[in-house]
Amino acid sequence: MKFTLKKSIYALVLMFSLATAFTSCREEKSTGEKVEDTVEDVADDVEDAVD
């Protein structure tokens with residue numbers, strides 16, 4: 001079976017499409033949300049240390 005140029009182009013397009021789909025679905029957090037999550041984590045750690 002020959003691996004033609006047409007098949008290699010299709011393979012590259014498919015890989016590019018999959019990479020784009022998976023990286024664009026990632027949810028980005030704002031700076032405020034990151035700070036809020038960190039504060040909650042620290043509060044939980046302190047609470048666990050007190051117990």
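A: The chain's secondary structure comes to two helices and zero strands, where helices (H or I, at least four residues) and strands (E, at least two) are DSSP runs numbered from the N terminus. It's a predicted model, so to speak of local features takes pLDDT of at least 70 and side-chain atom pairs count only at 80 or more, while totals for chains, interfaces and linings use all residues. Residues are numbered from 1 along each chain as its sequence is written, and side-chain values use heavy atoms, leaving out hydrogens and water.

Now for the nonpolar patch: Leu-5, Ile-9 and Val-13 form it on the surface, with about 300 Å² of accessible area together. Accessible areas come from the Shrake-Rupley method with a 1.4 Å probe, and for residues only the protein chains shown count as cover. Patch members have over 30% relative accessible area and no salt bridge, with nonpolar side chains (Val, Leu, Ile, Met, Phe, Trp, Tyr) joined within 5 Å and like charges within 9 Å. A salt bridge puts a side-chain nitrogen of Lys or Arg within 4 Å of a carboxyl oxygen of Asp or Glu.

Leu-5 belongs to helix α1 (residues 5-24), and Leu-5 is exposed, at 64% relative accessible area. Exposed means over 50%, buried under 20%, and partly exposed in between (1.4 Å probe, protein chains only). Buried residues make up 0% of the chain's 51 residues.
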